[in-house]
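Subject: A structure for you to look at

Hi,

Here is the structure I promised to pass on. Open it up and have a look around before you read the rest of this email.

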Amino acid sequence: MSRKNKGSHYNNHANRNSFQRQNFASQYQAKRIMLTISILVSGRREAIEKCVASLEHLRQTVPCELILTDTGCPAEMQGWLKEKADRVLKFQWCNDFAAARNVGVRAARGQWFMFMDDDEWFEDTTGIEAFFLSGDYKKYQSASYIVRNYVNMEGTVWRDIHLTRMTLRRPDTRFFYPIHESLWPLLDPEKHLEDYAHHYGYASEDPEVQMAKRRRNLGILLPAIEEDPHCMKHYLQAVAEYYAMDEWDEACRMADLGVANCDRSRPENAVHIDGLYAAAVRMRLRGKRNLEVIQVGTDYLEHADISDLAKASICGDLAIANGLLEEYRDCWKYLQKYLKWQTYFQGHREEWLKQETVVLDSCFENYQYRKALGWGFAAALFLHDAAGAEGLLRLGTLEWWLDAVQVWYTLTIPRIRVRWQADFRGLMDSLPMQDSRKDMEGHQGTSHWRETADIYGHLRQLYGILTMPEPGEEGHGTNQEDSVPQQSGIVMSGEPKLRRADGAAGESKAERKSDGAGESEAERKSDGAGESEAEQKPDGAAGKSAAEQAVISQEIETLAVQLKEKVRFLIQQGQVQAALGIIGQLRTFFPGDADLEELQARCEMGIQ
């Protein structure tokens, strides 16, 4: 063989080897992809940029591929999408989220599959990275991470929920349900990761924008129910949409319809039917149908085959409904059951997460929990159960209970307020006499109980704070036990308007919406059953005597003092936006208040 031919032979051989190596590398690369991340994108450039950027470290650390499914992005975004993703797929939008997601599933090459929305972004992906790099993923079939759903654009109110967004990819992996789509099949064991993604999808300062999304969702859900009347997921999501729109009767009707049409032979219905049983009770509670709450709730507890978390939810609602109807023995009975379930699930977290669904995911949330305990505390006072009342107080900080009692107390009608005050005084009169002056020292402005050997120490401290005279009033600074009998009533009124980001303070209307719905304005004004319209509006000025209006004015001023203390606490904690929210509300009542001007200046300096 000539040198020329030999060189040609070598070149051909080298070229063939190079091609084989490239082909092998390509196949090897496809095999070694651990994770496919699939995202639907619809043209929101700023959101998708933040979403993709939050995945950068994960993609550099774990062998990943990123698939973006374009459901309607403008032409000028196409180049950016191709630059950021491994693949960009096109989908003609047809009001079916599952169909759009399945485009990404069919194209995926990773051992595991994960999906996101383009308006979500991770705070940190360390947990997901460790899941794969440690080999932990080999022990599991699916995994969830936390989606932090914000209720307001300021980011001060949110709900955290574990959502199963990752699965070991199989040939039959697919999405189903045209909206609020779900992966199938999802097999156990499931890993619950603590990484969380921010989500502002339902946060908007414009109520019409939120309502438009709810109507859009219902426009997909209601036809889906007609097409498949035995799918419990559709009913439960429809309940959530009506709930968010404050349409309690429609939400209740949808929950009842779902329960009536349940087909238990379909395994995917199991968790959703439990949510519908709980929703049927909760919607009646929100709609002021308290007698029906008791009738339907007790019937389900006794006869329905429901999950433990559904039982816990119904027990909490029964405690509240019985409190509203002044059936305090039953209120106390169901509160104890609710608290036992809470203790159980704290020790069985995996069961808790597995049973969570819409409505049930709010079973022990702060608003629901606090309202149940507030009425339970009222029941303990009525029953003269000092040990029970003291036990409840030990479940939260002093600040938490001051908020809990205030929120509960101001929601009820005047007649029940008077009774509550009398019950509290009567219970305190029955306790052994004790000089609790030392226990009370330094309590104003603190968020914690003072340590004391007194077995009723928390009860005495709370009563002392709520009946403490204002500065300048007769008896201020005297022995507390001597001053208590002269008090005309508990000095407490007004509802804290804003929740701290850590959930410790009072809920705003936005927080009540954080379970996908929340309280209506009417609900916040009265929880009374069978009262006249005038009685159900205790804060209205019409028809009140000058003396009554003076009392209301004094209560508002007292609340202002309390809220100023809360503002100072928030500033100390660095929660400036929350402090500004309260200041803004107070200045509508006290526009020339020098304290508020000074506090606002401190906040603005903190922002700068």
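Below is what came out of going through it, from the overall picture down to a few single residues.

Before anything else, please keep in mind that this is a predicted model.

**The overall picture**

The protein has 26 helices and 10 strands. Of its 608 residues, 53% are buried. If you take the contacts between residues at least 6 apart in sequence, 70% of them join residues at least 24 apart.

Strand 6 runs antiparallel to strand 7, joined to it by nine bridges, and parallel to strand 10 (residues 190-199), with seven bridges. You can check both sides by picking out residue pairs: tyrosine 145 has leucine 163 as its bridge partner in strand 7, and alanine 143 sits opposite lysine 191 in strand 10. Strand 6 is also mostly covered, as eight of its nine residues are buried.

Strand 7 (residues 158-168) pairs with strand 4 (residues 112-117) too, in the antiparallel sense and over three bridges. In that pairing, methionine 114 has methionine 166 of strand 7 as its bridge partner.

In soluble globular proteins, nonpolar side chains tend to be buried together. Here the largest nonpolar core has 99 residues, and Phe377, Trp401 and Leu459 have the most contacts inside it. Helix 12 (residues 308-324) gives the most to this core, namely 10 residues. Another core, of 34 residues, lies apart from it and has Leu58, Met77, Ile128 and Tyr145 among its members.

Leaving out neighbours within four places in sequence, tryptophan 401 is in contact with Leu373, Phe377, Leu392, Leu393, Gly396 and Trp449.

At what angle do helix 16 and helix 20 pack? Helix 16 (residues 386-393) and helix 20 (residues 457-466) make an angle of about 80 degrees, and their axes are 8 Å apart. The two helices are therefore roughly perpendicular. From helix 16, Ala386, Ala389, Glu390 and Leu393 meet Gly457, His458, Leu459 and Leu462 of helix 20. The residues of this contact divide into five nonpolar, two polar and one charged.

Not counting residues up to four places away in sequence, alanine 386 touches Leu427, Leu431, Tyr456 and Leu459. Alanine 386 and methionine 428 are 42 residues apart in sequence, with 8.3 Å from C-alpha to C-alpha.

Key:
Residues are numbered from 1 along each chain as its sequence is written. Side-chain values use heavy atoms; hydrogens and water are left out. Axes are lines fitted to C-alpha atoms, for helices over the stretch in contact, and angles run from 0 to 180 degrees between N-to-C directions. Helices (H or I, at least four residues) and strands (E, at least two) are DSSP runs, numbered from the N terminus. Angles under 35 degrees count as roughly parallel, over 145 as roughly antiparallel, 65 to 115 as roughly perpendicular and the rest as oblique. Contact means heavy atoms within 4.5 Å. Ala, Val, Leu, Ile, Met, Phe, Trp, Tyr, Cys and Pro count as nonpolar, Asp, Glu, Lys and Arg as charged, and the others, Gly among them, as polar. A nonpolar core is a set of buried Ala, Val, Leu, Ile, Met, Phe, Trp, Tyr and Cys residues joined through side-chain atoms within 4.5 Å. Buried means under 20% relative accessible area, exposed over 50%, partly exposed in between (1.4 Å probe, protein chains only). Two strands pair if DSSP finds at least two bridges between them.
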